[in-house]
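Subject: Structure handover

Hello,

Here is the structure I promised you. Please open it first, then read my notes below.

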Amino acid sequence: MRSHYCTDVSEKNIGEKVELAGWANNHRDHGGIIFIDLRDKSGLIQLVCDPADNVEAHKKANEVRDEFVLLIKGTIRARGEGLTNPRLKTGAIEVVVDELIIENRSAPMPFVIGDDKVGEETKLKYRYLDLRSPSSYETFRLRSKAAIAARNSLDKLGFLEVETPILTKSTPEGARDYLVPSRVHEGEFYALPQSPQLFKQLLMVGGFDRYFQIAKCFRDEDLRADRQPEFTQIDVEMSFCDQEDVITVAETLLTDMFEACGHEVKAPFNRMTHAHAMEFYGSDKPDMRYGLKMVDVIDIFERCDNAIFTDIAKSPKINRIKALRVPGADLIFSKREMKSFEDYVRKFGAHGLGYFQMKEDGLKGPLTKFFSEEDIQLIIERTELEVGDVVFFGAGDKKTVWDYMGRFRIFIAEHEKMNLIPEDAFEFLWVVDFPMFEVEDGRVKALHHPFTQPKDLNHNDVEDIESIAYDIVLNGVELGGGSIRIHKEQIQSEVFKLLGIEEEEAQEKFGFLLDALKFGAPPHGGFALGFDRFMMLLAKKDSIRDVIAFPKTQKASCILTKAPSAVDNSQLRDLHIRLRESTK
């Protein structure tokens, strides 16, 4: 139905006959001559319908309204002097219409295509209309290029694409599963996979050596801007490898994907231990586009005359006192603003937020009276204070201090008065040497997953055990991660015991994996990259909903299709399910 897309033509085509197809982006009647901006996936071109040229085409053009589907034939000509539009790729030319067909009409539009002020709920209800905007098309064109580049990159590295099951077995670790009732196995359920983790390990046992998949995954968890109930990840596993081999593959993949999308990033990426990340940035996914590094000052505060601080400082293993220097803050923020920062950190468990201001005549602030001159000078030296800087202090148990000071670091960096974050920077970081376990409410949990290889299980405190696990962080967002896996059945059984998973439960939940490890499983490891998060950052969007064609809301519902929805009683009977009244 077309000879060209709208922006395939240029001044080189002046005088040529063309056939175009698309939507009427808008129409204007200028003294009897009708102008229509025709839009297709490539962009816009101006149509001219002049009764002096073609009466029938002009008559049809009178009927056209926004978003009518049009087929046209016409001739390319240059626009008149002073009438060019530099904002359009085709702004120097127009099409004189010889024939116009209204292929389909549109109902009145609920919003103007491309209007950024439209509410998200309306956009999601009419998602198919929102996708018509050039910016939406560009986002998904970019997503397609990235996916193709990923496949090509991994293919060159000798990886085999294999699809793993969507209907699988529910496991006790990680987020909540989406359950699927079985019609033929009464009272039993499948689960939708949270990841292909176990299957990709079984592929390594099967001798496939190098596997990848652009996989759909599902998690029934509370949603945020960077989470969806169903999401896509680039899943990779390889045999006879160590951590360095896996990181090299991941860096090659990421640099190839960026290059395909028009950006250059250089490997190797920087690395940081998990312990270093927590101590100096209060986060296991620190944003390295800016500084604001926390400094430990607990030894200095131990000598001060304030009992609150000295009590905290007596237990340096479980407590922390951290200093965060903010360059120029004394010249930027008022005292009232700096006092309001305390309200911000209190939301995350802080009892307060002290600060010193570096003036021309030395360090000032209500806390200085508790310190000797020597210790004040040591604070200045350790935090590298200069005139105009402010240093903020957080004190308390280490996990709480890491959390609220880490959040405060981001809050300051993103503050409109600070302007610390470069717009077009892409800063990758590997965070390595993660703890193997964490303890919550007295229960030992795997920090990553229970199939991660521990460095050494012989520690008195399980929280001191490190794993061979690594996360890849981009601009403060966890893009993905992975680990070297346990490939020996004995070690896997020991890890299950530490997690409180008894032998009988381990056999019931993971017996197929434990059995497989008995048959000569090779050393293996891998990683998974969150493809939606990757695209959100690459396309500079605020939410992964913007890079998913038909996303769910924050309540995990689809406004467009009204899913989830009730089903017929006959379907429930087939599945051996009976609903009971809600107790809420």
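Let's start with one residue. Gln 197 is buried, because its relative accessible area is 9% and buried means under 20% (exposed is over 50%, partly exposed is in between; 1.4 Å probe, protein chains only). Gln 197 sits in helix 5, residues 197-205. Leaving aside residues up to four places away in sequence, Gln 197 touches His 449, Phe 451 and Arg 485. Contact here means heavy atoms within 4.5 Å.

A word on the ground rules. This is a predicted model, where local features need pLDDT of at least 70 and side-chain atom pairs count only at pLDDT 80 or more, while totals for chains, interfaces and linings use all residues. Residues are numbered from 1 along each chain as its sequence is written, and side-chain values use heavy atoms, with hydrogens and water left out.

**The whole protein**

The protein has 17 helices and 22 strands. Both are DSSP runs, numbered from the N terminus: helices are H or I with at least four residues, strands are E with at least two. The C-alpha trace spans about 90 × 75 × 55 Å along its principal axes. Of the 584 residues, 48% are buried. Take the contacts with a separation of 6 or more: 68% of them join residues 24 or more positions apart.

**Gly 119**

Gly 119 is in the loop between strand 5 (93-104) and helix 2 (120-125). Gly 119 is partly exposed, with a relative accessible area of 39%. Gly 119 and Ala 549 are 430 residues apart in sequence, and 17 Å apart in space, C-alpha to C-alpha.

**Helix 6**

Helix 6 covers residues 243-260. Its 18 residues should span 26 Å at 1.5 Å a residue, and its end C-alpha atoms are 26 Å apart, so the two agree. The expected span is 1.5 Å times one less than the number of residues. Asp 242 caps the N-terminal end of helix 6, with a side-chain oxygen 3.1 Å from the backbone nitrogen of Glu 244. Just after helix 6, Gly 262 takes a positive phi of about 90°. The buried residues of helix 6 include Gln 243, Val 246, Glu 251 and Phe 258.

**Empty space**

Rolling a probe the size of a water molecule over the atoms shows where empty space is left. On a 1 Å grid over the protein atoms alone, a cavity is a set of points where a 1.4 Å probe fits but cannot get out; a pocket is an open set with protein on both sides within 12 Å along at least five of seven lines; lining residues have an atom within 4 Å of a point. Grid points are joined across faces, edges and corners, and a volume is the space filled by probe spheres set on the points.

How many cavities of 30 Å³ or more are there? The count is 2.

- The largest cavity holds about 60 Å³. Its lining includes Thr 164, Pro 193, Gln 213 and Cys 217.
- The second largest cavity holds about 40 Å³. Leu 124, Arg 127 and Phe 550 are among the residues that line it.
- The second largest pocket holds about 480 Å³. It is lined by 13 residues, and Tyr 178, Leu 179, Leu 192, Pro 564 and Ser 565 lie nearest its centre.

Best wishes

Technical notes
Polar contact = N/O pair within 3.5 Å; in protein donor to acceptor, adjacent residues only side chain to side chain.
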